[in-house]
Protein chains: 2
Amino acid sequence: MEFISYLRQRWLSADSLVCVGLDPYPEKFPAGFSDQDGIFQFNKAIIDATHDLVCAYKPQFAHFAAVAAEDQLKKTIHYIKSQYPEIPVILDSKRGDIGSTASMYAKEAFVHYQADAVTVNPYMGVDTVAPFTEFTDKGTILLCRTSNPGAAQLQNLDVGGHPLYEEVARLAAQEWNHNNNVMLVVGATAPEEMARIRRICGDMPMLVPGIGAQGGDIAAVLGAGKAADGTGLIINSSRAVLYASSGDDFAEAARAETLSLKNEINLYR
Amino acid sequence: MEFISYLRQRWLSADSLVCVGLDPYPEKFPAGFSDQDGIFQFNKAIIDATHDLVCAYKPQFAHFAAVAAEDQLKKTIHYIKSQYPEIPVILDSKRGDIGSTASMYAKEAFVHYQADAVTVNPYMGVDTVAPFTEFTDKGTILLCRTSNPGAAQLQNLDVGGHPLYEEVARLAAQEWNHNNNVMLVVGATAPEEMARIRRICGDMPMLVPGIGAQGGDIAAVLGAGKAADGTGLIINSSRAVLYASSGDDFAEAARAETLSLKNEINLYR
């Protein structure tokens, strides 16, 4: 199934726009997780506790790579796809390179890790994007206006009457989306920018990091970014969910946090 | 030692600006390389045949990740650092993310893989760059004007009287280089742009992909990009060296190609 239909189905069946970001910090885990496959076991506990409440999971590549736990990333994605095949998995690795190399990264994300979608950095232009979008059933999520404090430094530069991030949104919507599988990363910390992007990209789904620890406001995000049917957003929360409690009740605490986020979001849909 | 001093020492002692890019395509290897550690064995043969002719090696992350051979990437870098410690290793992985995640990628490159420098995508701004430059003895090489056909689509957009890539060069030279360890990626396919960047960034080293298979011209690159002392460039060749012969003489052919490139470059220094 095409990624966007798959995501849409999940938005509706789970009645949720919440994505849980899997950003494992082993030093924040409760006691009792082994060095051997503790990251996978922690993720598994979070997934089992939250699976009915989410529209997607988003493992963050760097957190696995920094500790050479790529095998546990693969195992985590495999666990989701085998236990909860209705839930899309977005690999957040922000890849981007010349065409022949971008093809290798597409293979990494979609073939090796079996992710359903991947985040991609558009700075290198169309030939860094096309090798990903050629996987027609997979999703390609381009960095557009990110959530970090320094995002505006390049992304908000004026490029002939509009900011660079709007040019990325325009290219994504009008030139790069032949296969109807392009989406955008738009940070919750930039609701004004999000509203402008929504006008450019129609009902294209947006992956929204930056609520919680980074300070984004849920009412503002929904007001700026929801599509006409009350979906259109994949709203990510990582640390606030994963580390809601540092005790043995971490999984229940993660569930409570996810449920509360889902409900708060649904108030504004 | 600081990366730029280390590189400068190597430019002089090897009398070479050539960087050999390690982009393994197992399907292009001569017969006889095993599935088990064939990528490492192939790289080792190339390294042993070319080590006295190069200023750096540049393994390309995607080629290892696409076939789940991260262990062979680590082994390749370890081999260079233990056998030829005078040669800098640049991990070409084009990372970039919000600050806390960029720190994880810096750890991946510098601690886990033990690379001396890494390529970084600047689209997310200063907080994606700083976690890398904080490793003061390591190098951070920012994508500025890349070598691929679609590079100009965003990088050459006018941002108030100058193109975006010049703004990246300006930020790199004037705002992000507190630790004197920032460098730039500038493609050989864009010599006019390279000359403009050289004027902005003084003698900052540039990593130059795009000669050979991608069509960049050596005389034009040296004319546009060399620093006042005849160094300043890390000129990469990957496929033309690695696959100079598909027979059993691949290592000698790689050496001959590297030597010929070194000599041709030195004509114009």
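In what order do the eight strands of the open sheet in chain A run? In this predicted model, the order is 2-1-8-7-6-5-4-3, and the pairing is parallel. The edges fall to strand 2 (56–59) and strand 3 (90–95) of chain A, each of which pairs on one side only. Going from strand to neighbouring strand in this sheet, the turn is 30° on average, direction ignored.

A closer look at one end of the chain A sheet starts with strand 1. Strand 1 (residues 18–22) of chain A pairs with strand 2 of chain A over four bridges, in the parallel sense. Here A:Cys19 sits opposite A:Ala56 of strand 2 of chain A.

On one side, strand 1 of chain B is joined by three bridges to strand 8 (residues 233–237) of chain B, and the two run parallel. B:Cys19 has B:Asn236 as its bridge partner in strand 8 of chain B. Strand 1 of chain B also pairs with strand 2 (residues 56–59) of chain B, again in the parallel sense, over four bridges. In that pairing B:Leu22 has B:Pro59 as its bridge partner.

How enclosed is strand 1 of chain B? Five of its five residues are buried, so strand 1 (residues 18–22) of chain B is largely enclosed by the rest of the structure. In a regular strand, side chains alternate between the two faces of the sheet. In strand 1 of chain B, B:Val18, B:Val20 and B:Leu22 point one way, while B:Cys19 and B:Gly21 point the other way, and all are buried.

Next comes the nonpolar core. In soluble globular proteins, nonpolar side chains tend to be buried together. The largest nonpolar core here holds 192 residues, and A:Leu184 and B:Leu184 touch the most other members. Leaving out residues up to four places away in sequence, B:Leu184 touches, among others, B:Ile141, B:Leu142, B:Cys144, B:Ala169 and B:Ala172. Its contacts also include B:Ile197, B:Cys201, B:Met204, B:Pro205, B:Met206 and B:Leu207.

A:Thr76 is placed in helix 4 (residues 70–83) of chain A, and at 0% relative accessibility it counts as buried. Beyond its neighbours within four places in sequence, A:Thr76 is in contact with A:Leu22, A:Phe40, A:Asn43, A:Ile47 and A:Phe64. Residues up to four places away in sequence aside, B:Thr133 touches B:Thr140, B:Trp176, B:Asn179, B:Asn181 and B:Val182.

Finally, the pockets. The largest pocket has a volume of about 200 Å³ and a lining of 13 residues. Which of these lie nearest its centre? They are B:Ser34, B:Asp35, B:Gly38, B:Ile39 and B:Gln72. Helix 2 (38–50) and helix 4 (70–83) of chain B each supply at least two residues of this lining.

Methods
Residues numbered from 1 in each chain as written. Chains lettered and ligands numbered in written order. Predicted model: local features only at pLDDT ≥ 70, side-chain atom pairs only at ≥ 80, totals over all residues. Heavy atoms only, no water. Core = buried A, V, L, I, M, F, W, Y, C linked by side-chain atoms within 4.5 Å. Buried < 20%, exposed > 50% of the residue type's maximum accessible area, 1.4 Å probe, protein only. Contact = heavy atoms within 4.5 Å. Pairing = 2+ DSSP bridges. Axes fitted to C-alpha atoms, helices over the stretch in contact; angles between N-to-C directions. 1 Å grid on protein atoms, 1.4 Å probe; cavity = no way out; pocket = protein on both sides within 12 Å on 5 of 7 lines; lining within 4 Å. Points joined across faces, edges and corners; volume = space filled by probe spheres on them.
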